[in-house]
Amino acid sequence: MYPAMNSNAMQSANPTWVVVGKGAIGLLAACQAQLRQWPVALWLRQPQPIQIDFRQLTQEHSQHHFSSWPVGTPITHIFIAVKAFDVQSCLQQLLPHLSDDAQIVLSHNGMGTLEPARALLSSKQQLWFVSTTHGAYKADKHQLIHSGSGQSVLAAVTAPPKPDSKVQQFVADALGPVTEVDNIEPCLWQKLAINCLINPLTALHNIQNGELAQAKYQPQLKQLLHEVCLVAEAEGYPLHEASCWQLVQQVIEKTAANRSSMLQDRRANRPTELDFISGFVLKQAKKHQLTLPAHACLYQQCQDAGF
Ligand SMILES: NC(=O)c1ccc[n+]([C@@H]2O[C@H](COP(=O)([O-])OP(=O)(O)OC[C@H]3O[C@@H](n4cnc5c(N)ncnc54)[C@H](OP(=O)(O)O)[C@@H]3O)[C@@H](O)[C@H]2O)c1
C-alpha cells in the first residue's frame, strides 16, 4: 500500500497532471493532489479558470484555483474520472492532445470501457485504472465536499513500456491510500457485484440504501447476487457468494442514509451508468449462454422507467 506522500518529500520534477472535467471525483483528486504540491490543470468542455472551495474530511476548508490546460501542449499525465458512458468519447477527443508516451488513468464505476479504451491508444501510451471508495459531491458549482473517507486500488491495464512511478505517487496523494495490483479485473467484478444490486434497485424504487435491508428485498437481492456470481465465474473471476452477501449487507447497513449514484442521477434527470453496471452483467452473461432472469427483469424495469 502506498501512503500519501509528504509534501516535503515531493521532487521538483513532478509533471503537471491534467484532470478531466469539473466533476466530484476529478476535483477531489485535483484538490488533494494540489494540497500535496502537484501541479494540476483541468481539461474542460469550455476552457476557463475554476475556483473551488474544498471541504476536507477534517472539516477544514482550502481554496483551489485551477487553470485550463493550454491546448497545443502535449498532455503527458491525465486523470479521467468521468461517467462510464463518457469514457470513449472523452478519449477520442483527447487523443490528438496526448503525448506519444502519455500516462492515462481512468476511474469510474461499472465495467466495459477498458477494451475499447485500449484499442484507441498506441503501444507506448500507458493505460491505468483506479477503483476508489472515496466519496465526494459538489454542494454547488464552486463547493466540493469530501463526504466519505475511502481507499483506492490501482493497476496498469496495458503493460508498461517503462514504469512511471509518478502515477503511483499521484494516485497515492490524490485518492490514497492506494494498493497496486497486477490485475484490476477481480476488484472490478467484486465492486460490480455490489453495485449491480444496490444501484438499480435503489434508483428504481427511489429509496436510500438502508431501505434495502427490508425483508421484502432479500430474495431479489440474493438472486441478483447469485446470478452475477455465475457470470463472474464464467469470466474467470470467481466470487465467493457468501462473502459477497455479507459485504452487500454491510454496505446496506453502513451506507443506510446514502443515496446511490444511480438514484442521484435519476433524481437529477441525468443519464445513469445502468448499461455499464446491469447492462454489462447481461452482456457478459450472453457471451457465456447464461440466462439471468433477475437481472434481465430489473434491467427492463429500469429501462421502462426511462433510465
Ligand atoms: N462521486 C462519488 O462519490 C463517486 C465515488 C466513487 C466512484 N464514482 C464514480 O466515478 C465516476 C465519476 O463520478 P463523479 O461523481 O465525479 O461524476 P460527475 O460529477 O458527473 O463528473 C464527471 C465530469 O466529467 C465531465 N466530462 C465528461 N466528459 C468530458 C469531456 N469530454 N471533457 C470535459 N469534461 C468531461 C462532466 O461534464 P458534464 O457534466 O458537462 O457532462 C462532469 O463534470 C463515475 O463513474 C462515478 O460512478 C463516484
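Helices (H or I, at least four residues) and strands (E, at least two) are DSSP runs, numbered from the N terminus. The structure is a predicted model, in which local features need pLDDT of at least 70, side-chain atom pairs count only at pLDDT 80 or more, and totals for chains, interfaces and linings use all residues. Residues are numbered from 1 along each chain as its sequence is written, and side-chain values use heavy atoms, with hydrogens and water left out.

**Exercise 1. Locate the residues other than glycine that have a positive phi, namely Gln-59 and Asn-206, and identify the cis peptide bond.**

Solution. Step 1: Most residues other than glycine have a negative phi, and most peptide bonds are trans.
Step 1: Gln-59 shows a positive phi of about 80°; the loop between strand 3 (50-55) and strand 4 (61-66) contains Gln-59.
Step 2: For Asn-206, phi is positive at about 55°, and the residue belongs to the loop between helix 5 (185-205) and helix 6 (218-234).
Step 3: The cis bond joins Gly-176 and Pro-177, with omega about -5°. Pro-177 sits in the loop between helix 4 and strand 11 (178-180).

**Exercise 2. Examine the salt bridges found in the whole structure.**

Solution. Step 1: Side chains of opposite charge can pair when their charged atoms come close.
Step 1: The search finds five salt bridges. One of them joins Asp-86 and Arg-45, whose closest N and O atoms are 3.9 Å apart.
Step 2: This pair links distant parts of the chain, 41 residues apart: Asp-86 is in the loop between strand 5 (75-80) and helix 2 (87-94), and Arg-45 is in the loop between strand 2 and strand 3.
Step 3: Lys-83 and Asp-265 also form a salt bridge through their side chains, at 3.1 Å from N to O.

**Exercise 3. Classify the aromatic pair of Trp-38 and Phe-170.**

Solution. Step 1: Rings of Phe, Tyr and Trp (its six-membered ring) pair if their centres lie within 6.5 Å; planes under 30 degrees apart count as stacked, over 60 as edge-to-face and the rest as tilted.
Step 1: Four aromatic pairs are found in the whole structure. The ring centres of Trp-38 and Phe-170 are 5.7 Å apart and the planes stand at 90°, so this pair is edge-to-face.
Step 2: Because Trp-38 lies in the loop between helix 1 (24-35) and strand 2 (40-43) and Phe-170 in helix 4 (residues 165-175), the pair ties together parts that are 132 residues apart in sequence.

Terms used
Salt bridge = Lys/Arg side-chain N within 4 Å of Asp/Glu carboxyl O.
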